[in-house]
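Trainee: Could we go through this one together, starting where the chains meet and then moving inside? Please show me the sequence and the structure.

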Amino acid sequence: MTNSIPEIEDADCIFVIGSNTTEAHPLIAHRIFKALDKGAKLIVVDPRKTQLAELSHIHARLHFGTDVAFLNGLMYEILENKWHNEPFIAKRTEDFEPFKAAVQNYSPAKASAICGIPSDVMHEIAALYATSKTSTILYTLGITEHTHGVDNVKSLANLALLTGHIGRPSTGVNPLRGQNNVQGACDMGALPNVYPGYQVVSNPGVRSKFERAWGAELSPEVGITIPEMMDGLIEGSVKGMFIFGENSVESDPNTDHVIRALESAEFLVVQDIFLTETAKLAHVVLPGACWAEVEGTFTNTERKVQPVRKAVEPPGQARPNWQIFCDLGGRLGLDLAYCSAEELFDEMAELTPSFTGITYDRLESMELQWPCLSLDHPGTPFLHKDRFSRGKGLFHAIEYRPSEELPDEKYPFVLTTGRRYAHYHTRTMTGRCPSLEREFPGPMAQVHVKDAQKLGLKDGGLLKVTSRRGEVVVPVTLGDVVPEGAIFMDFHFHEANPNRLLGTFLDPVSKTADYKVCAVKLEKG
Amino acid sequence: MDYQTIRTTCPFCGCGCQMWLVRLDGELIQTIPDKCAPMNEGKLCIKGLNAHEFVQSPERLTQPLIRKKGRLEEASWEEALSLVASRLSAIRDQYGGDSMAFLSSARATNEENYLFQKLCRAAFRTNNVDHCARL
Ligand code: SF4
């Protein structure tokens, strides 16, 4: 997030797009409720009538995957009505002209024909977002999990730059990260192109710094991403795999393909806390300690580094993950003799400028958000105050591209997927919290009442969902949460996992797969 | 009676709510929302309120497992780690480090992620390390 969660409370306008905040980020939704009490205006852009949409002042139910057309239409309106922030654009941004030219192709009439939002509603949203004193954008995977996810994100950045709603409290472009430490895993360099702190592996200066610190020669080549790893296993260019704390079989799209990939590995190691469907395919399974059994830190979606503390001993012979890695490193000829998690943190902070000022001691008494540049630096609640990390904010000219697999005669429905409030991902953890299981015991798809009537479906009845990759049978609830012509499925339950239906359609830049738009056929199950 | 409260961070979503784990005679019995944390101001959602339950699940893995004749069987740490080290170094030496792929974890701590990517990069000379940031 460019800004912090508590700031949401004081925004004048909150623009939520592609985020089912009340179920996926309940305590951020709580801030939105507080903002509403203080008089904020809420815009929700989502094909589904989510709980938050019910509370919004304007709910734009755009067609699935048409975000770029919608946002360009919005920006056309902003420019047309001179609601853009000229001084900000002149002083803090570049490449405005090519961007402006691209947006000129998206008159409200044209944008509306693509995204389905009437042009007067677009006008209203444009006015509200652009002319409010502080406007904040909140988004989640409804924006990124598309074959044009990067274009969506860039379009949101354009919107903030155009109006100058960035670099001040209660503004910004704020991705709400889904998993407790997905921010931290990125920050720590668990990515194929960067070391900790987003220092790029192909930069010789950076590389030699890490080579000196780690006492090893490092590769200058950018590595491969998860979908490329899976393809590599099948093609034979990848021979071995080590999966630490992920349940790829159930979380990745196109389940059959993933299983085939993992079964092709000459050697597969899985380190986890439960025997997941992924671990069942391994040659060796290593039992790790879980979060309540170790010391360490997580970094939340607002870049705040927070302590994790040991409360109990790991069960049986399970060991803290870092100790397993130290042991393994020794056997592979690498000296990893660490005595504590703190020692690891200190080594990382020394090599990572944005973490230089963060220590375990400081975290005991204060809240710190990176970048934190020295031991007396207070951390950074919001980014881009006087300058952007690259200097000037860059506009991007973005054209709308339709989703890869749209409904057709054979597969006439759009399948979209997401999370439910009581569960988390593949339920490896929440499925073993008896209270949460009782609260939400099984999968439940959502279909529009009118479609259900045509299909002869009853509330709670079974539905067979078929795509080009596979089929799943799932109970349904009827209503108007999803629009006609669509179905929503959660991805928490093994027995009805929509990932079996999804293809592997990737964003060309981020390699993120499309979890939000897939063509399916529905029949009574 | 040994009663302790330990302040920590919720293990589920990216909100990062602060909570206290309550331990009674060695067993986690509940979580309590932290009232001073500016993020969650004394609240937790239904997931955070029940987060302690999975820790003591009888299904937790408690011993290394090795596949023998197609079945996963319990093994000692020594046996498991020496097998992993010998198979991985054989793959590295025969096909090069780029024939290995590593998936790190968005659930694990910063320190564990740091060490894992260091291990891949320094011991295998590959940048084939990723995690599920894309989902
Ligand atoms: S308590 Fe709920 S909202 Fe807070 S971090 Fe945990 S899962 Fe997220």
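Trainee: How many residues of chain A are in contact with chain B?

Mentor: A word on conventions: residues are numbered from 1 along each chain as its sequence is written, and chains are lettered from A and ligands numbered from 1 in the order in which they are written. This is a predicted model, where local features need pLDDT of at least 70, side-chain atom pairs count only at pLDDT 80 or more, and totals for chains, interfaces and linings use all residues, while side-chain values use heavy atoms, with hydrogens and water left out. Contact means heavy atoms within 4.5 Å. On that rule 94 residues of chain B meet a set in chain A that numbers 143 residues.

Trainee: What share of the area buried between chain B and chain A do carbon and sulfur atoms give?

Mentor: Buried area is the accessible area (1.4 Å probe) that two parts lose on being put together, summed over both. For chain B and chain A the total is about 10,500 Å², and the carbon and sulfur part is 63%.

Trainee: Which residue of chain A forms a salt bridge with Glu78(B)?

Mentor: The rule asks for a side-chain nitrogen of Lys or Arg within 4 Å of a carboxyl oxygen of Asp or Glu. It finds seven salt bridges across the interface of chain B and chain A. In the one with Glu78(B), the closest N and O atoms are 3.0 Å apart, and the partner is Arg331(A).

Trainee: Which residue is the bridge partner of Met241(A) in β6(B)?

Mentor: Strands (E, at least two residues) are DSSP runs, numbered from the N terminus, and two strands pair if DSSP finds at least two bridges between them. Strand β9 of chain A, residues 240-244, and β6(B) pair in the parallel sense over four bridges. Within β6(B), the partner of Met241(A) is Ala101(B).

Trainee: Why is β1(A) described as largely enclosed by the rest of the structure?

Mentor: Buried means under 20% relative accessible area, exposed over 50%, and partly exposed in between (1.4 Å probe, protein chains only). In a regular strand the side chains alternate between the two faces of the sheet. In β1(A), Cys13(A), Phe15(A) and Ile17(A) on one side are buried, as are Ile14(A) and Val16(A) on the other. The strand is largely enclosed because its buried residues number five of the five.
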